[in-house]
Amino acid sequence: MKVVVCVKQVPSTEAKVKMDPVKGTLVREGVESVINPFDEYAIEEGVRIKEKYGAEVIAISMGPPQAKDALKTALAMGVDKAVLLSDKAFAGSDTLATAYTLSLAIKKIKDVDLVICGKQATDGDTAQVGPGLAQRLSFSQITYVSKIREINLENKEIIVDRLLDNGTQVVKAKLPALITVVKDINQPRIPNIFSIKKAAKADIPVWGPQDLEGEANKFGFDGSPTQVIRIFTPPPRGGGKIIEKDIKESVAELIDILSSQGIIKI
Amino acid sequence: MALIVKKEECTGCGICIDVCPYKGIKLNSAGIAEVTENCILCGQCVDSCPAGALYIEEKKQEREKQSYSGVMVFIEHEFNKVHSVSFELLGKGKKIADELKVPLYAMIIGDQINNIIEEVKNYDADIIYAVSAPWLSDYQTKPYIIEAENIIKLAKPEIVLIGATTLGRDFAGALATRLETGLTADCTELSIDKEKGLLLQTRPAFGGNIMATITCPYKRPQMATVRPKVMPMPQKIFRANCKVIQMLPVSSHKDLDLELIDFLPDTIGKVNIAEADIIVSGGRGMKGPENFSMLFELAELLGGAVGASRAAVDSGWIPYAHQVGQTGRTVRPKLYIACGISGAIQHLAGMQTSEVIVAINKDPEAPIFKIANYGIVGDLFKVVPEMIRQIKERKSKNS
């Protein structure tokens, strides 16, 4: 069995993305990058499948050269190989172009049975690349997976739990399939020093458009139908009133405020 | 496509280097800006350059033919009931359609959908495109996007709106790829650029720390998912002359690639947090699983749902389905009551766009107070029971 895990490097949430009020541009204090939190669960699940069923697990990422760091973490956690998709031609990709580029890499890897993505990335929060990738590959699309119950390689089937709004759906799908995973699926391992050192030395191949059989106008900026035309800070939150009375009076005042504004109905 | 430096105009001031979050630009040995391989063409430096020495080479894409016209809303339904976000979108869609002077369409996919069609007629659509077949009774990605593509190719709407629900985001991501067009996720604001007639799609990013306005200038349709409860519920306006076009299905039962084995409903709490107008949420300060019962009691009194911080979920006090925050759900209720939640940035990312935030915490320095509209500094084990008591008292007086 061959499993591909898709990984994105994102700015750390602790980095506090802010606007520069004078220049009106994005400022990131301490530009620390981390693996997208949902992708850690995807990597862990890939490694667990390998341990349970025997599989070759390959992590792929598209991004600038420093995204290699994210792939090294994936290697330290136990994936077998990693590939970075990085080239100027990929710059400015929106979700359509990203899913296209990743799909070509997965086709090049060949005979992939299962693709695992995080539910969404914490920078863009779109949750669009997973479904887009499933369509490009014509794989069964299974989003919001909270548990893999069974993989039956003989019948080419996978049974999973999906976390939906009102409960959990148990579904069976044909392989090859693409799943997007939520946090509940596992507890990612913390790699030990030995595997971190080994991963640091690993050779991570970098693929560009010349390595993929794609159409040039579907990559990067050219292949991205959406354009960001403005970035701004949301209006500051109003209010900010601390009610400082004894508990009984504070609660009474709070309920008065909320019900007079029609926020709660009593 | 590239970021270009007009060398003769660059003053070497270095502002572009400061604003670039990606180390995508540097000063070369001649003291002039030079683009590095890290550049992702985000364009922030272009706006920052005081000398106007930077620009991104224009797209040469051909604008798709102007044959696309009209605003289409995807009607989401389950158990023969239309999701409220679809009505909200019909209301917003009507306003946009009027502004563009184009028709409003609805798209209904399902089985035995006559009463859904009748219901949608109350929301001022000009044409309803409907397709029904037994294998379309429950949502599944593949057959639904095959039918949606068929309808969109016939109706050619310039805009397609879909609710940013669990189902809607599964559907929209797949459909936009099939149509090879642009999709903007989770919008909180939609408007029309009067000059160009483009849909301006505004959405939070980076956990709500910034807002971005996105357009899809060349490809059609322009697709957006919109968060539930952001757009107002419109008045019912029955359209007697609303035309219904019944389509023949183009998918088949063979396109059902998921087989439903079981459904395990969420047993605790009557309202799920994705839909709730009011969320009462508990964090580390709850101290243990047994104490969540008072939050459920308060939530039920207010007709709301119970949420939790990651700390509470990871401690096993409440299931993951209730987690609000970066690795849980993003919510935007009318009222969010945070009990014993300090307000780590990862938690704020999932709830800071709530309309009104109330914080109850014994630590006056807790960051949650910085974003709360109203705060009570105190022991939640005294404050919450007091809230329950007073609300019950007022309810019995009012009834």
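In the predicted model, Ala205(B) lies opposite Ile210(B), a residue of strand 14 of chain B. This pair belongs to the contact between strand 13 (residues 199-205) and strand 14 (residues 210-215) of chain B, which are antiparallel and joined by five bridges. Strands of a sheet pair through backbone hydrogen bonds, in either a parallel or an antiparallel arrangement.

A further pairing between the chains involves strand 11 (residues 167-174) of chain A and strand 17 (residues 258-265) of chain B, which are antiparallel over seven bridges. Within strand 17 of chain B, Leu264(B) is the residue that stands opposite Thr168(A).

Counted over the whole interface, 87 residues of chain A contact 91 residues of chain B. On the side of chain A that touches chain B, the most is contributed by helix 6 (residues 247-260) of chain A, which supplies nine residues. The composition of that side of chain A by class is 41 nonpolar, 27 polar and 19 charged residues.

The largest nonpolar core comprises 147 residues, and the members with the most contacts inside it are Val5(A), Ala74(A), Val79(A), Val115(A) and Met107(B). Helix 3 (residues 95-109) of chain A is the element that gives the most to this core, with eight residues. Leaving aside residues up to four places away in sequence, Val79(A) touches Val5(A) and Ala74(A), and also Ile43(A), Gly46(A), Val47(A), Val57(A), Ile58(A) and Ala59(A). Another core, of 50 residues, lies apart from the largest one. Its members include Ala276(B), Phe292(B), Leu298(B) and Ile376(B).

For chain A, the domain assignment gives domain 1 (2-218) and domain 2 (235-266). The centres of domain 1 and domain 2 of chain A, taken over C-alpha atoms, are separated by 44 Å.

How values were computed
Residues are numbered from 1 along each chain as its sequence is written. Chains are lettered from A and ligands numbered from 1 in the order in which they are written. This is a predicted model: local features need pLDDT of at least 70, side-chain atom pairs count only at pLDDT 80 or more; totals for chains, interfaces and linings use all residues. Two residues are in contact if their C-beta atoms, placed from the backbone, lie within 7 Å. Helices (H or I, at least four residues) and strands (E, at least two) are DSSP runs, numbered from the N terminus. Ala, Val, Leu, Ile, Met, Phe, Trp, Tyr, Cys and Pro count as nonpolar, Asp, Glu, Lys and Arg as charged, and the others, Gly among them, as polar. Two strands pair if DSSP finds at least two bridges between them. A nonpolar core is a set of buried Ala, Val, Leu, Ile, Met, Phe, Trp, Tyr and Cys residues joined through C-beta atoms within 7 Å. A residue is buried if 20 or more other C-beta atoms lie within 10 Å of its own, exposed if 12 or fewer, and partly exposed in between; C-beta atoms are placed from the backbone. Domain bounds come from an automatic or database domain assignment.
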